[in-house]
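Thanks for coming. Please look at the model first.

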Amino acid sequence: MTGKPPNELLNSWFQRSGWSKGELARLVNKRARQLGAAHVSTDTSRVRRWLDGEHPRDPAPRILVELFSERFGTVITHAELGLREPAAPPATSGVDLPWAGRRSIELLGDFARSDLMLNRRGFLGTSLSLSAGPSLIEPMKRWLSPVPDQHPGNGRPPGRITAEEMDRLEETTRLFRGWDAQCGGGLRRMAVVGQLHEVTELLRDSHPAQMAERLFRVGSELALLAGWMAYDIGMQPSAQRYFVLALHAAREAGDTPLGAHVLATMARQMIHVNRPQDALELVHLAQYGSHGTTTPRVQSMLAAMEGRAYANIGDADNCRRAVATAEDLFPGDKPGEGADPDWAGFFTEAELHGENGHSFRDLAYRYPQLTEQAAKNLDRAVDLFTLDDTHVRSRALNVIGMATVRLQQREPDAAVAYAHTGLDLVQRLRSKRVEDRLRITVGNLYTRYPDLRSVREARDRAGAVLPAAA
(Lines give C-alpha, C1' and ligand atoms only; values in the text may rest on other atoms or scores of the structure.)
Protein backbone atom coordinates (compact mmCIF):
# COMPACT_ATOMS: atom_id res chain seq x y z
CA MET A 1 0.00 0.00 0.00
CA THR A 2 1.31 3.46 -0.88
CA GLY A 3 -0.79 5.27 1.74
CA LYS A 4 -1.63 7.83 -0.95
CA PRO A 5 -4.94 8.39 -2.74
CA PRO A 6 -5.15 7.12 -6.32
CA ASN A 7 -4.07 9.50 -9.06
CA GLU A 8 -7.55 10.18 -10.43
CA LEU A 9 -6.29 12.47 -13.21
CA LEU A 10 -3.82 9.92 -14.52
CA ASN A 11 -6.48 7.22 -14.21
CA SER A 12 -8.90 9.29 -16.29
CA TRP A 13 -6.43 9.88 -19.14
CA PHE A 14 -5.33 6.25 -18.99
CA GLN A 15 -8.90 4.93 -19.30
CA ARG A 16 -9.57 7.18 -22.31
CA SER A 17 -6.32 6.19 -24.01
CA GLY A 18 -7.43 2.62 -24.62
CA TRP A 19 -4.01 1.31 -23.57
CA SER A 20 -3.58 -1.64 -21.29
CA LYS A 21 -1.12 -1.36 -18.41
CA GLY A 22 1.29 -3.61 -20.31
CA GLU A 23 1.04 -1.47 -23.45
CA LEU A 24 1.77 1.72 -21.51
CA ALA A 25 4.73 0.06 -19.79
CA ARG A 26 6.18 -1.01 -23.16
CA LEU A 27 5.71 2.49 -24.60
CA VAL A 28 7.46 4.06 -21.60
CA ASN A 29 10.39 1.66 -21.95
CA LYS A 30 10.65 2.27 -25.69
CA ARG A 31 10.67 6.05 -25.29
CA ALA A 32 13.20 5.79 -22.45
CA ARG A 33 15.57 3.85 -24.71
CA GLN A 34 15.18 6.53 -27.39
CA LEU A 35 16.19 9.14 -24.81
CA GLY A 36 19.22 7.13 -23.72
CA ALA A 37 17.69 6.22 -20.33
CA ALA A 38 18.45 2.51 -20.58
CA HIS A 39 18.02 2.06 -16.83
CA VAL A 40 14.24 2.54 -17.06
CA SER A 41 12.42 -0.78 -16.89
CA THR A 42 8.68 -0.37 -16.38
CA ASP A 43 6.19 -3.23 -16.04
CA THR A 44 2.46 -3.59 -15.40
CA SER A 45 2.86 -3.57 -11.62
CA ARG A 46 4.77 -0.28 -11.81
CA VAL A 47 2.04 1.30 -13.96
CA ARG A 48 -0.54 0.06 -11.45
CA ARG A 49 1.36 1.76 -8.62
CA TRP A 50 1.45 5.03 -10.58
CA LEU A 51 -2.33 4.85 -11.01
CA ASP A 52 -2.66 4.08 -7.30
CA GLY A 53 -0.85 7.31 -6.40
CA GLU A 54 2.88 6.57 -6.46
CA HIS A 55 4.83 9.36 -8.17
CA PRO A 56 7.04 8.00 -10.99
CA ARG A 57 10.75 8.71 -10.96
CA ASP A 58 12.46 10.78 -13.63
CA PRO A 59 12.38 10.61 -16.61
CA ALA A 60 9.02 8.75 -16.46
CA PRO A 61 6.86 11.86 -15.76
CA ARG A 62 8.19 13.63 -18.85
CA ILE A 63 7.78 10.47 -20.93
CA LEU A 64 4.17 10.10 -19.76
CA VAL A 65 3.46 13.73 -20.70
CA GLU A 66 4.88 13.12 -24.19
CA LEU A 67 3.03 9.83 -24.71
CA PHE A 68 -0.37 11.12 -23.62
CA SER A 69 0.07 14.36 -25.59
CA GLU A 70 0.82 12.36 -28.73
CA ARG A 71 -2.04 9.94 -28.07
CA PHE A 72 -4.65 12.71 -27.82
CA GLY A 73 -3.14 15.16 -30.30
CA THR A 74 -2.94 18.04 -27.83
CA VAL A 75 -0.48 19.42 -25.31
CA ILE A 76 -1.08 17.73 -21.93
CA THR A 77 0.80 19.10 -18.92
CA HIS A 78 2.26 17.39 -15.87
CA ALA A 79 -0.50 18.92 -13.74
CA GLU A 80 -3.22 17.53 -16.01
CA LEU A 81 -1.81 14.06 -15.41
CA GLY A 82 -1.63 14.65 -11.67
CA LEU A 83 2.19 14.67 -11.76
CA ARG A 84 4.60 17.14 -10.20
CA GLU A 85 6.35 19.57 -12.50
CA PRO A 86 10.10 18.89 -12.77
CA ALA A 87 12.10 21.07 -10.40
CA ALA A 88 14.25 22.37 -13.25
CA PRO A 89 13.62 21.76 -16.93
CA PRO A 90 16.42 20.21 -18.99
CA ALA A 91 18.84 22.69 -20.48
CA THR A 92 17.76 21.67 -23.98
CA SER A 93 14.05 22.29 -23.45
CA GLY A 94 12.02 25.46 -23.80
CA VAL A 95 11.92 28.08 -26.54
CA ASP A 96 12.85 31.25 -24.63
CA LEU A 97 16.33 31.57 -26.13
CA PRO A 98 18.69 34.58 -26.21
CA TRP A 99 18.05 36.82 -29.21
CA ALA A 100 21.74 37.44 -29.96
CA GLY A 101 23.53 36.59 -33.18
CA ARG A 102 26.52 34.73 -31.77
CA ARG A 103 24.37 32.80 -29.31
CA SER A 104 21.88 31.91 -32.07
CA ILE A 105 24.71 30.42 -34.12
CA GLU A 106 25.92 28.36 -31.17
CA LEU A 107 22.43 27.07 -30.36
CA LEU A 108 21.69 26.23 -33.99
CA GLY A 109 24.98 24.40 -34.43
CA ASP A 110 24.70 22.56 -31.12
CA PHE A 111 21.16 21.38 -31.82
CA ALA A 112 21.97 20.21 -35.35
CA ARG A 113 25.04 18.36 -34.08
CA SER A 114 23.00 16.76 -31.27
CA ASP A 115 20.36 15.67 -33.79
CA LEU A 116 22.99 14.07 -36.00
CA MET A 117 24.56 12.20 -33.08
CA LEU A 118 21.24 10.95 -31.71
CA ASN A 119 20.20 9.57 -35.09
CA ARG A 120 23.56 7.88 -35.62
CA ARG A 121 22.97 6.05 -32.36
CA GLY A 122 19.53 4.93 -33.48
CA PHE A 123 17.49 7.31 -31.30
CA LEU A 124 14.37 8.84 -32.80
CA GLY A 125 13.67 11.53 -30.22
CA THR A 126 15.39 14.05 -27.95
CA SER A 127 14.91 15.30 -24.42
CA LEU A 128 12.73 18.19 -25.59
CA SER A 129 9.14 18.89 -24.71
CA LEU A 130 6.60 20.86 -26.74
CA SER A 131 5.93 24.42 -25.60
CA ALA A 132 2.48 26.01 -25.89
CA GLY A 133 0.47 28.93 -24.53
CA PRO A 134 2.29 31.94 -23.05
CA SER A 135 5.56 30.00 -22.71
CA LEU A 136 5.59 29.81 -26.52
CA ILE A 137 3.92 33.06 -27.57
CA GLU A 138 5.72 35.53 -25.29
CA PRO A 139 9.28 34.64 -26.43
CA MET A 140 8.21 34.72 -30.07
CA LYS A 141 7.07 38.34 -29.71
CA ARG A 142 10.71 39.33 -29.28
CA TRP A 143 11.42 38.71 -32.95
CA LEU A 144 10.07 42.21 -33.53
CA SER A 145 12.80 43.89 -31.44
CA PRO A 146 15.53 45.75 -33.34
CA VAL A 147 18.74 43.85 -34.06
CA PRO A 148 21.78 45.87 -32.91
CA ASP A 149 25.02 45.48 -34.92
CA GLN A 150 24.00 42.18 -36.45
CA HIS A 151 27.35 40.80 -37.61
CA PRO A 152 30.32 42.24 -35.71
CA GLY A 153 33.71 40.65 -36.35
CA ASN A 154 34.87 40.44 -32.72
CA GLY A 155 38.28 39.14 -33.81
CA ARG A 156 36.86 36.04 -35.46
CA PRO A 157 38.77 34.58 -38.42
CA PRO A 158 37.66 35.84 -41.83
CA GLY A 159 35.35 33.55 -43.75
CA ARG A 160 36.55 32.02 -47.00
CA ILE A 161 33.25 31.28 -48.73
CA THR A 162 32.99 32.70 -52.26
CA ALA A 163 29.92 34.10 -53.99
CA GLU A 164 29.85 31.04 -56.26
CA GLU A 165 29.88 28.70 -53.24
CA MET A 166 27.10 30.74 -51.67
CA ASP A 167 25.06 30.34 -54.85
CA ARG A 168 25.52 26.57 -54.64
CA LEU A 169 24.42 26.53 -51.00
CA GLU A 170 21.22 28.34 -51.94
CA GLU A 171 20.62 25.98 -54.86
CA THR A 172 21.12 22.96 -52.57
CA THR A 173 18.50 24.36 -50.21
CA ARG A 174 16.04 24.62 -53.11
CA LEU A 175 16.84 21.02 -54.06
CA PHE A 176 16.14 19.83 -50.51
CA ARG A 177 12.76 21.59 -50.55
CA GLY A 178 11.85 19.80 -53.75
CA TRP A 179 12.79 16.42 -52.31
CA ASP A 180 10.64 17.07 -49.24
CA ALA A 181 7.59 18.01 -51.31
CA GLN A 182 7.94 14.95 -53.52
CA CYS A 183 9.03 12.29 -51.02
CA GLY A 184 8.03 13.47 -47.54
CA GLY A 185 10.12 14.36 -44.52
CA GLY A 186 11.47 10.92 -43.70
CA LEU A 187 13.79 10.44 -46.67
CA ARG A 188 16.32 13.30 -46.64
CA ARG A 189 15.93 14.90 -43.21
CA MET A 190 19.40 14.01 -41.96
CA ALA A 191 20.97 15.36 -45.15
CA VAL A 192 19.27 18.68 -44.41
CA VAL A 193 20.46 18.62 -40.80
CA GLY A 194 23.99 17.86 -41.97
CA GLN A 195 23.93 20.77 -44.40
CA LEU A 196 22.56 23.03 -41.66
CA HIS A 197 25.44 22.04 -39.39
CA GLU A 198 27.92 22.96 -42.12
CA VAL A 199 26.29 26.38 -42.56
CA THR A 200 26.50 27.09 -38.82
CA GLU A 201 30.22 26.28 -38.98
CA LEU A 202 30.59 28.90 -41.73
CA LEU A 203 28.66 31.40 -39.61
CA ARG A 204 31.23 31.11 -36.83
CA ASP A 205 33.66 33.07 -39.03
CA SER A 206 33.55 36.76 -39.86
CA HIS A 207 31.91 37.78 -43.15
CA PRO A 208 30.96 41.02 -44.88
CA ALA A 209 27.43 42.07 -43.92
CA GLN A 210 25.81 40.99 -47.19
CA MET A 211 27.43 37.54 -47.13
CA ALA A 212 26.56 37.09 -43.45
CA GLU A 213 22.91 37.89 -44.19
CA ARG A 214 22.85 35.34 -47.02
CA LEU A 215 24.35 32.71 -44.73
CA PHE A 216 21.84 33.46 -41.97
CA ARG A 217 19.03 33.30 -44.54
CA VAL A 218 20.20 29.88 -45.79
CA GLY A 219 20.58 28.74 -42.17
CA SER A 220 17.05 29.87 -41.43
CA GLU A 221 15.63 28.11 -44.49
CA LEU A 222 17.48 24.89 -43.67
CA ALA A 223 16.40 25.00 -40.01
CA LEU A 224 12.82 25.60 -41.11
CA LEU A 225 13.03 22.68 -43.52
CA ALA A 226 14.62 20.40 -40.90
CA GLY A 227 11.80 21.34 -38.54
CA TRP A 228 9.17 20.81 -41.21
CA MET A 229 10.55 17.36 -41.99
CA ALA A 230 10.62 16.50 -38.27
CA TYR A 231 7.01 17.67 -38.02
CA ASP A 232 6.09 15.51 -40.99
CA ILE A 233 7.47 12.36 -39.35
CA GLY A 234 5.97 13.05 -35.92
CA MET A 235 8.96 14.51 -34.02
CA GLN A 236 6.98 17.49 -32.73
CA PRO A 237 9.29 18.85 -29.97
CA SER A 238 12.33 18.66 -32.28
CA ALA A 239 10.35 20.36 -35.02
CA GLN A 240 9.38 23.22 -32.74
CA ARG A 241 12.98 23.75 -31.63
CA TYR A 242 14.12 23.98 -35.26
CA PHE A 243 11.31 26.43 -36.03
CA VAL A 244 12.35 28.67 -33.13
CA LEU A 245 15.98 28.61 -34.24
CA ALA A 246 14.90 29.33 -37.83
CA LEU A 247 13.07 32.42 -36.57
CA HIS A 248 16.22 33.58 -34.76
CA ALA A 249 18.29 33.12 -37.92
CA ALA A 250 15.72 34.95 -40.07
CA ARG A 251 15.86 37.85 -37.64
CA GLU A 252 19.67 37.95 -37.90
CA ALA A 253 19.31 38.00 -41.69
CA GLY A 254 16.91 40.93 -41.43
CA ASP A 255 14.40 38.88 -43.45
CA THR A 256 10.95 39.62 -41.99
CA PRO A 257 8.98 37.79 -44.74
CA LEU A 258 10.96 34.62 -43.98
CA GLY A 259 10.34 35.15 -40.26
CA ALA A 260 6.64 35.46 -40.98
CA HIS A 261 6.77 32.19 -42.92
CA VAL A 262 8.44 30.48 -39.96
CA LEU A 263 5.72 31.75 -37.60
CA ALA A 264 3.01 30.55 -40.00
CA THR A 265 4.63 27.11 -40.06
CA MET A 266 4.69 27.09 -36.26
CA ALA A 267 0.99 27.99 -36.36
CA ARG A 268 0.31 24.97 -38.58
CA GLN A 269 2.01 22.76 -36.01
CA MET A 270 -0.14 24.24 -33.23
CA ILE A 271 -3.27 23.40 -35.23
CA HIS A 272 -1.93 19.87 -35.62
CA VAL A 273 -1.61 19.47 -31.83
CA ASN A 274 -5.03 21.03 -31.21
CA ARG A 275 -3.87 24.46 -29.99
CA PRO A 276 -5.74 26.72 -32.45
CA GLN A 277 -5.66 29.81 -30.22
CA ASP A 278 -1.88 29.59 -30.08
CA ALA A 279 -1.89 29.18 -33.87
CA LEU A 280 -3.98 32.31 -34.30
CA GLU A 281 -1.66 34.37 -32.10
CA LEU A 282 1.37 33.18 -34.07
CA VAL A 283 -0.27 34.08 -37.39
CA HIS A 284 -1.25 37.51 -36.13
CA LEU A 285 2.31 38.04 -34.91
CA ALA A 286 3.56 37.08 -38.38
CA GLN A 287 1.14 39.45 -40.10
CA TYR A 288 1.91 42.34 -37.77
CA GLY A 289 5.67 41.87 -37.84
CA SER A 290 5.91 41.61 -41.63
CA HIS A 291 3.42 44.34 -42.52
CA GLY A 292 4.60 46.29 -45.54
CA THR A 293 7.46 43.90 -46.34
CA THR A 294 5.75 40.88 -47.90
CA THR A 295 4.48 40.17 -51.40
CA PRO A 296 0.79 39.49 -52.14
CA ARG A 297 1.54 35.74 -52.36
CA VAL A 298 3.00 35.68 -48.85
CA GLN A 299 0.14 37.82 -47.53
CA SER A 300 -2.32 35.40 -49.12
CA MET A 301 -0.55 32.46 -47.49
CA LEU A 302 -0.71 34.14 -44.07
CA ALA A 303 -4.42 34.91 -44.53
CA ALA A 304 -5.13 31.30 -45.49
CA MET A 305 -3.36 30.09 -42.35
CA GLU A 306 -5.34 32.61 -40.32
CA GLY A 307 -8.48 31.02 -41.78
CA ARG A 308 -7.28 27.57 -40.69
CA ALA A 309 -6.81 28.81 -37.13
CA TYR A 310 -10.22 30.48 -37.00
CA ALA A 311 -11.83 27.33 -38.43
CA ASN A 312 -10.35 25.18 -35.69
CA ILE A 313 -11.53 27.65 -33.06
CA GLY A 314 -15.01 27.48 -34.62
CA ASP A 315 -15.21 31.17 -35.60
CA ALA A 316 -17.06 30.94 -38.91
CA ASP A 317 -17.35 34.68 -39.61
CA ASN A 318 -13.66 35.44 -39.16
CA CYS A 319 -12.73 32.27 -41.04
CA ARG A 320 -14.81 33.37 -44.03
CA ARG A 321 -13.20 36.82 -43.89
CA ALA A 322 -9.67 35.34 -43.83
CA VAL A 323 -10.46 32.94 -46.68
CA ALA A 324 -11.85 35.79 -48.80
CA THR A 325 -8.74 37.86 -48.06
CA ALA A 326 -6.49 34.99 -49.11
CA GLU A 327 -8.37 34.63 -52.38
CA ASP A 328 -8.34 38.38 -53.08
CA LEU A 329 -4.61 38.73 -52.43
CA PHE A 330 -3.50 35.63 -54.36
CA PRO A 331 -1.55 36.82 -57.42
CA GLY A 332 -1.88 33.71 -59.60
CA ASP A 333 0.66 31.11 -60.67
CA LYS A 334 2.42 32.96 -63.48
CA PRO A 335 6.18 32.35 -63.22
CA GLY A 336 8.21 35.40 -62.29
CA GLU A 337 5.17 37.43 -61.28
CA GLY A 338 6.05 39.91 -58.53
CA ALA A 339 9.21 39.55 -56.45
CA ASP A 340 8.37 36.48 -54.41
CA PRO A 341 11.14 34.83 -52.40
CA ASP A 342 12.04 31.40 -53.70
CA TRP A 343 10.54 29.59 -50.69
CA ALA A 344 7.13 31.15 -51.39
CA GLY A 345 6.80 29.22 -54.64
CA PHE A 346 5.09 26.36 -52.80
CA PHE A 347 1.98 28.50 -52.30
CA THR A 348 0.28 27.85 -55.63
CA GLU A 349 -3.37 27.97 -56.60
CA ALA A 350 -3.57 24.30 -55.60
CA GLU A 351 -2.25 25.10 -52.10
CA LEU A 352 -4.66 28.02 -51.77
CA HIS A 353 -7.66 25.84 -52.59
CA GLY A 354 -6.34 23.08 -50.32
CA GLU A 355 -5.91 25.39 -47.33
CA ASN A 356 -9.31 26.99 -47.79
CA GLY A 357 -10.94 23.62 -48.38
CA HIS A 358 -9.55 22.27 -45.14
CA SER A 359 -10.75 25.40 -43.33
CA PHE A 360 -14.30 24.81 -44.56
CA ARG A 361 -13.99 21.10 -43.82
CA ASP A 362 -12.98 21.80 -40.23
CA LEU A 363 -15.82 24.30 -39.84
CA ALA A 364 -18.27 21.81 -41.34
CA TYR A 365 -17.94 19.60 -38.27
CA ARG A 366 -19.82 22.39 -36.48
CA TYR A 367 -21.72 23.84 -39.46
CA PRO A 368 -22.64 21.00 -41.86
CA GLN A 369 -23.94 23.44 -44.46
CA LEU A 370 -20.31 24.32 -45.29
CA THR A 371 -19.47 20.78 -46.39
CA GLU A 372 -20.25 21.51 -50.04
CA GLN A 373 -17.93 24.51 -50.03
CA ALA A 374 -15.19 22.34 -48.54
CA ALA A 375 -15.74 19.77 -51.30
CA LYS A 376 -15.57 22.44 -54.00
CA ASN A 377 -12.22 23.79 -52.80
CA LEU A 378 -10.63 20.43 -52.08
CA ASP A 379 -11.80 18.95 -55.38
CA ARG A 380 -10.16 21.84 -57.22
CA ALA A 381 -6.96 21.34 -55.21
CA VAL A 382 -6.87 17.62 -56.03
CA ASP A 383 -7.34 18.34 -59.74
CA LEU A 384 -4.50 20.86 -59.77
CA PHE A 385 -2.13 18.67 -57.75
CA THR A 386 -2.84 15.74 -60.07
CA LEU A 387 -1.29 17.80 -62.88
CA ASP A 388 1.86 18.42 -60.78
CA ASP A 389 3.86 15.34 -59.80
CA THR A 390 6.38 17.35 -57.75
CA HIS A 391 4.10 17.85 -54.71
CA VAL A 392 3.05 14.29 -53.95
CA ARG A 393 2.52 14.83 -50.23
CA SER A 394 0.25 17.84 -50.76
CA ARG A 395 -1.75 15.85 -53.29
CA ALA A 396 -2.09 12.97 -50.81
CA LEU A 397 -3.22 15.26 -47.98
CA ASN A 398 -5.89 16.85 -50.16
CA VAL A 399 -7.06 13.46 -51.43
CA ILE A 400 -7.48 12.36 -47.81
CA GLY A 401 -9.25 15.63 -47.12
CA MET A 402 -11.74 14.80 -49.88
CA ALA A 403 -12.28 11.36 -48.34
CA THR A 404 -13.20 13.00 -45.02
CA VAL A 405 -15.59 15.38 -46.75
CA ARG A 406 -17.33 12.55 -48.60
CA LEU A 407 -17.65 10.76 -45.28
CA GLN A 408 -19.24 13.90 -43.81
CA GLN A 409 -21.64 13.88 -46.77
CA ARG A 410 -22.53 10.21 -46.07
CA GLU A 411 -21.07 9.03 -49.37
CA PRO A 412 -18.99 6.02 -48.25
CA ASP A 413 -18.24 4.66 -51.73
CA ALA A 414 -16.81 8.02 -52.84
CA ALA A 415 -14.83 8.24 -49.59
CA VAL A 416 -13.44 4.75 -50.20
CA ALA A 417 -12.32 5.71 -53.70
CA TYR A 418 -10.36 8.67 -52.35
CA ALA A 419 -8.93 6.52 -49.56
CA HIS A 420 -7.58 4.05 -52.15
CA THR A 421 -5.96 6.92 -54.06
CA GLY A 422 -4.40 8.04 -50.79
CA LEU A 423 -3.09 4.53 -50.20
CA ASP A 424 -1.55 4.57 -53.68
CA LEU A 425 0.20 7.87 -52.95
CA VAL A 426 1.40 7.08 -49.41
CA GLN A 427 3.57 4.29 -50.81
CA ARG A 428 5.59 6.96 -52.63
CA LEU A 429 6.18 8.92 -49.42
CA ARG A 430 7.83 8.77 -46.04
CA SER A 431 5.39 10.91 -44.12
CA LYS A 432 3.94 9.88 -40.78
CA ARG A 433 1.48 12.75 -41.11
CA VAL A 434 -0.02 11.26 -44.26
CA GLU A 435 0.02 7.76 -42.78
CA ASP A 436 -1.76 8.89 -39.61
CA ARG A 437 -4.44 10.82 -41.47
CA LEU A 438 -5.10 7.86 -43.74
CA ARG A 439 -5.28 5.49 -40.80
CA ILE A 440 -7.76 7.74 -38.98
CA THR A 441 -9.89 8.32 -42.08
CA VAL A 442 -10.15 4.63 -42.96
CA GLY A 443 -10.82 3.85 -39.30
CA ASN A 444 -13.67 6.37 -39.22
CA LEU A 445 -15.08 4.87 -42.41
CA TYR A 446 -15.10 1.40 -40.88
CA THR A 447 -16.63 2.67 -37.64
CA ARG A 448 -19.58 4.17 -39.51
CA TYR A 449 -19.99 1.59 -42.29
CA PRO A 450 -18.64 -1.76 -41.02
CA ASP A 451 -21.08 -3.76 -43.11
CA LEU A 452 -20.02 -2.35 -46.49
CA ARG A 453 -17.74 -4.69 -48.39
CA SER A 454 -15.84 -1.80 -50.04
CA VAL A 455 -15.13 -0.28 -46.63
CA ARG A 456 -13.87 -3.58 -45.24
CA GLU A 457 -11.61 -4.00 -48.25
CA ALA A 458 -10.21 -0.48 -47.76
CA ARG A 459 -9.58 -1.25 -44.09
CA ASP A 460 -7.77 -4.48 -44.99
CA ARG A 461 -5.65 -2.75 -47.60
CA ALA A 462 -4.77 0.05 -45.18
CA GLY A 463 -3.67 -2.55 -42.65
CA ALA A 464 -1.37 -4.08 -45.25
CA VAL A 465 0.02 -0.81 -46.64
CA LEU A 466 0.40 1.39 -43.56
CA PRO A 467 3.02 0.70 -40.91
CA ALA A 468 1.74 -0.16 -37.45
CA ALA A 469 0.80 2.89 -35.38
CA ALA A 470 3.51 3.92 -32.93
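Helix H14, residues 316–329, and helix H15, residues 349–364, have axes that come within 11 Å and cross at roughly 170 degrees. An angle over 145 degrees counts as roughly antiparallel, so H14 is roughly antiparallel to H15. This is a predicted model, so please take all of this as computed from the prediction.

Which residues meet across that pair? On the H14 side they are Ala 316, Cys 319, Arg 320, Val 323, Ala 326 and Glu 327, and on the H15 side Leu 352, Asn 356, Ser 359, Phe 360 and Leu 363. By class, the contact of H14 with H15 holds 7 nonpolar, 2 polar and 2 charged residues.

Now the other pair. The axes of H11, residues 256–272, and H12, residues 276–289, come within 8 Å, again crossing at roughly 170 degrees. That makes H11 roughly antiparallel to H12. From H11, the residues in contact are Thr 256, Ala 260, Leu 263, Met 266, Ala 267, Met 270 and Ile 271. They meet Pro 276, Asp 278, Ala 279, Leu 282, Val 283, Leu 285, Ala 286 and Gly 289 of H12. The contact of H11 with H12 divides into 12 nonpolar, 2 polar and 1 charged.

Back to Cys 319, which is one of the H14 residues that meet H15. Is Cys 319 buried or exposed? Its relative accessibility is 0%, so Cys 319 counts as buried. Cys 183 is also buried, with a relative accessible area of 19%; the cut-off for buried is under 20%.

How many disulfides are there? With sulfur atoms required to lie within 2.5 Å, the count is 0.

Conventions
Residues are numbered from 1 along each chain as its sequence is written. This is a predicted model: local features need pLDDT of at least 70, side-chain atom pairs count only at pLDDT 80 or more; totals for chains, interfaces and linings use all residues. Side-chain values use heavy atoms; hydrogens and water are left out. Axes are lines fitted to C-alpha atoms, for helices over the stretch in contact, and angles run from 0 to 180 degrees between N-to-C directions. Helices (H or I, at least four residues) and strands (E, at least two) are DSSP runs, numbered from the N terminus. Angles under 35 degrees count as roughly parallel, over 145 as roughly antiparallel, 65 to 115 as roughly perpendicular and the rest as oblique. Contact means heavy atoms within 4.5 Å. Ala, Val, Leu, Ile, Met, Phe, Trp, Tyr, Cys and Pro count as nonpolar, Asp, Glu, Lys and Arg as charged, and the others, Gly among them, as polar. Buried means under 20% relative accessible area, exposed over 50%, partly exposed in between (1.4 Å probe, protein chains only).
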